[in-house]
Structures are given as C-alpha cells and as structure tokens.
Amino acid sequence: MLATLVVIALVVQDQAPLRAAPQDSAPRQATLWQGEWLEVRGERQGFLQVYDHRRERPGYVREHQVRLVRLDEASVPRLQAVVEFLRDTSGSEALGIGYAAALLRAAPASQVGPELFDALGTAADRLARRATSNKTNDVALAAHLDVAASYGVKLVSFEREGRTRVCYDGEAFRRVLALGGSPEARLRAALALTRPECIDPALGPLEQQALNEWRGSVLEQVDAGRLPAYLANRLHLRRAEVYATLAYQLSRRGEAQRGAKASARAVDSLASVLKAELAEEDTQSYATVAVRVGASRQASEPVPEPPDSGLRVDLAPGQPGETCLRLVDAKAPKETLSERCTYGLVWPGSVRRSAQGSAVAVAVQLLEGWTELWVFHQEANGWVLDVLAPAATEPRLGYVELAGFSPDGSRVLVAREALVEGRIKSSFQVLKRESLLPEKTADNPGGLGAFQRWSTPDWRGRSVALR
C-alpha cells in the first residue's frame with residue numbers, strides 16, 4: 001500500500017492517540033508509536049484525517065505528532081539528511097527505520113546506495129541490543145520492536161546463558177558489503193554480522209564450523225589499512241576470535257593443516273592490534289580474545305620428529321573419539337611408563353621435556369576456549385600424571401602453558417590466563433615438580449627471577465601471555 005501513496009504521515013511521538021473524531025476529547029481508537037506511517041486523507045480542525053493500514057481503521061491525529069513525507073524524488077535529499085541524523089540517535093531506532101523505509105520508496109534505484117542500508121542496519125542492530133539489555137517490562141520498547149517488524153526488519157531471539165538474546169538478522173548489512181560503502185560502514189556491517197553473542201547455541205558442530213568459516217570470509221572483505229587505528233583494532237580482534245575458534249573446530253574434525261593455518265592467522269591478527277590505539281571500551285575484549293587465541297595457539301606449533309633417545313609421548317586411538325597419551329622410553333617404546341586417554345585435542349607440537357628427563361609436559365585442549373597442561377613427572381613409585389587447569393573455575397575460557405624448567409628439573413614454570421568472575425586473570429608461577437604446587441606467583445613474569453633465567457626463548461617468542 002505504501003508504494004501507491006504520494007504523501008504519508010510518519011508518527012514521531014510515542015503514545016500518540018489516534019482519535020475517532022478531530023477532538024482531543026474524542027475516544028482513542030489506537031495508540032501510535034514513533035516510526036509508524038499513516039495514509040493522509042485530509043485535514044480538519046487542526047487534526048490530520050488518516051487511515052492506519054496496520055490496524056485497518058481510520059482516525060485523526062494532531063499535526064505536531066507526525067511529519068508529512070512526500071514519496072517523490074524531490075524529497076530524497078531531506079529524507080537522506082534525517083536518516084543520517086537518526087542513524088546514531090539512541091532511542092529513535094523505530095523512527096529511523098520508518099524514515100529509511102520512506103526513503104527507499106521515494107528514491108529512484110540509482111540513488112539507493114550503501115549509506116541507506118548502513119543507517120537501516122545500524123538502527124535495527126541497536127534496537128536488538130536495547131531489547132537484549134532491557135531488564136524491565138518496557139512497553140515502548142516492545143512497541144518499537146513491533147514497528148520494526150512491520151517494515152520487514154527481522155529480529156531473532158534465543159536463550160543464551162540463562163537470558164534471552166535478541167539479534168538482528170543482518171540483511172541490510174549484507175547489502176552494505178555487496179554495494180560497497182565507506183571503510184567505516186563496511187566495518188560496522190562486518191562486526192554486526194559476525195557478533196559472537198548472536199551465534200545460535202543450538203547449532204551443531206558442523207553448522208558452527210560452517211558459520212565461523214563464513215564469518216571469516218565476511219571479515220576479510222574489510223580493508224584494515226583504510227581504517228583509523230582504533231577501528232582497525234576492532235577488526236583485528238574479531239578476526240583473532242574467529243580464527244582461534246576455527247583452529248579448534250577444524251583440528252577437532254581431523255583437518256590439522258587447516259587448523260594450524262587458522263591458529264597462525266589468529267596469532268597474527270592479535271599481534272596486529274596496536275595497544276597504544278586501543279579504545280577504552282575495547283580493553284576487556286582485547287584481553288578476552290587474547291586468552292581465546294592462547295587456548296588454541298598450540299595448533300600451529302610444528303610437530304618435531306620423535307627423539308631417538310629419552311622420553312617421548314606417543315598418541316594412539318582409544319575408545320571412539322578418544323586419544324590416548326602413552327609415555328614411553330624411545331629405546332623401549334613397547335613399555336608404557338604412564339598412560340591417560342582423553343576426548344580433548346592433544347597438541348603434539350607442545351610436548352616439552354626437562355633436561356634431566358624427569359618431567360614431560362603436553363597441552364590438551366578440552367573445549368573451544370579451555371586448554372590444560374598435562375605433566376608427567378617421575379616419583380619414587382614411578383611416573384605420575386597431574387593435570388594443571390587454567391583456574392579453579394568452571395571450564396569456560398582459559399589456558400595454561402609451559403614456560404620452561406629449571407636446569408635441575410626440580411621446578412616447572414607455567415603461565416595461566418583465565419576468565420574469573422567476569423575478568424581476565426593472569427598469573428605466572430614457579431611450581432615444585434614433585435607436587436606441582438605453586439612456590440612463587442606473580443602477575444607478570446618480570447616479578448619472578450626464575451622466569452628471567454629459565455623461561456625458554458621458544459615460549460618467550462610465541463606466547464600471547466607476554467602481549
């Protein structure tokens with residue numbers, strides 16, 4: 001119906017009454033909300049006579065509660081200015097969507113560019129985030145969501161971590177990437193389309209991997225070199241998050257080579273972040289993404305040739321889906337010194353031995369963002385395997401990695417990072433080999449002389465804990 005009209009009235013005030021007669025005392029036919037459009041049929045006594053096609057009823061509204069919009073080419077510049085203004089006006093998302101819909105009708109196809117879809121997508125995305133963060137029964141917000149839906153804006157919702165998450169499906173942002181647009185607009189589109197919190201938790205492993213591969217392809221469509229440094233940082237962080245996730249998913253499916261490439265890409269993306277240009281609101285994201293990258297970093301570690309002498313860790317299949325670690329002496333490989341099986345990903349490139357052969361460590365990634373350090377160490381009664389977790393919390397996000405051994409093998413150096421009570425906690429520890437209990441702990445390796453003396457160049461050159 002909108003396409004056949006020449007003049008429409010866009011509601012600009014919330015809770016505007018649609019009256020049965022041109023009088024303030026007349027019965028209220030309906031309550032109107034910003035962004036709704038009405039067909040204009042005349043004017044009487046300071047009221048506009050209109051027809052509400054959504055509710056299929058006529059009525060009257062005060063002129064100051066609406067704005068008359070002509071759906072012709074002459075109105076395009078004025079409509080573009082309003083849409084540009086409303087794009088970044090919080091609380092006016094429904095009105096912005098209404099104006100964008102009017103502009104789409106008024107402008108010829110040659111004048112419909114990525115700027116319009118950028119404004120439409122930005123308003124829809126912000127409305128979805130408002131709906132997610134809202135903790136009260138906001139009548140106006142619910143009405144704005146209905147208005148957006150009436151224009152074909154699709155918002156999806158699902159349960160995530162005990163709360164309802166509302167997300168925009170991103171159709172307008174896909175058009176921004178297809179049509180071009182400024183580097184900033186393309187970045188906004190790519191970040192909105194790849195938002196990790198908008199991934200449906202009900203997706204299966206194959207669907208999640210396919211989605212993450214698509215997310216990576218979307219991010220590759222944005223040129224970081226054409227962005228201000230603080231915006232380029234956001235692009236690098238999102239790429240690091242996506243590729244770190246892919247490294248685990250690809251390796252989990254047995255695509256080790258592709259997983260290694262994804263892991264290396266994640267590390268490179270994190271290293272591309274300029275910390276001096278990091279926006280204040282991005283500091284927590286930087287720390288969180290760094291831990292995710294650290295959890296899958298071992299996927300890109302090259303696998304060394306098995307040693308001809310001394311201890312080595314052999315990997316063998318166990319029950320379906322299991323990998324078994326067998327600690328053996330290279331000179332007598334048929335005799336197992338210690339064995340443990342796991343459903344996690346064992347990173348063979350992470351295996352490290354102490355100089356005396358009294359301890360062997362290997363990284364095992366149990367979840368997408370959770371990597372433990374398994375340490376075989378020799379005791380009086382034989383070989384013992386102990387597991388070092390990133391933190392004493394629910395396994396969600398964290399990693400622990402070997403930084404080195406003391407020359408006599410009596411001490412083990414480890415770095416830990418984990419999400420604890422909503423914040424990333426980092427610690428560097430010197431452990432006793434016999435018990436693997438902390439002897440010294442510091443927030444940074446500079447506070448421990450053992451790290452200055454005994455940490456390996458390999459760890460110092462590769463670890464993201466030293467970012």
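Three strands, in the order S10-S11-S12, make up an open sheet with antiparallel pairing. Strand S10 (311-317) and strand S12 (332-342) are at the edges with a single partner strand each, so one side of each has no neighbour in the sheet. From one strand to the next, the twist averages 30°, with axes taken as lines fitted to C-alpha atoms and angles running from 0 to 180 degrees between N-to-C directions. Strands here are DSSP runs (E, at least two residues), as are helices (H or I, at least four), numbered from the N terminus; two strands pair if DSSP finds at least two bridges between them.

A word on the model: it is predicted, with local features needing pLDDT of at least 70 and side-chain atom pairs counting only at pLDDT 80 or more, while totals for chains, interfaces and linings use all residues. Residues are numbered from 1 along each chain as its sequence is written, and side-chain values use heavy atoms, leaving out hydrogens and water.

| Strands | Sense | Bridges | Facing residues |
|---|---|---|---|
| S11 (323-329) and S12 | antiparallel | seven | Leu-325 and Arg-340 |
| S15 (370-379) and S17 | parallel | two | Trp-370 and Gly-398 |
| S17 and S18 (411-420) | antiparallel | seven | Leu-402 and Val-414 |

Now to the largest pocket, whose volume is about 1,900 Å³. A pocket is an open set of points on a 1 Å grid over the protein atoms alone, where a 1.4 Å probe fits, with protein on both sides within 12 Å along at least five of seven lines; lining residues have an atom within 4 Å of a point. The volume is the space filled by probe spheres set on the points. Of its 47 lining residues, Arg-160, Pro-196, Glu-197, Glu-241 and Arg-292 are the closest to the centre. The lining divides into 16 nonpolar, ten polar and 21 charged residues, where Asp, Glu, Lys and Arg count as charged, Gly is among the polar ones, and Pro is among the nonpolar ones.

Helix H8 (229-252) gives the most to this lining, with nine residues. In H8, 20 of the 24 residues are buried, so the helix is largely enclosed by the rest of the structure. Gly-254, with a positive phi near 90°, follows H8.

Conventions:
Buried < 20%, exposed > 50% of the residue type's maximum accessible area, 1.4 Å probe, protein only.
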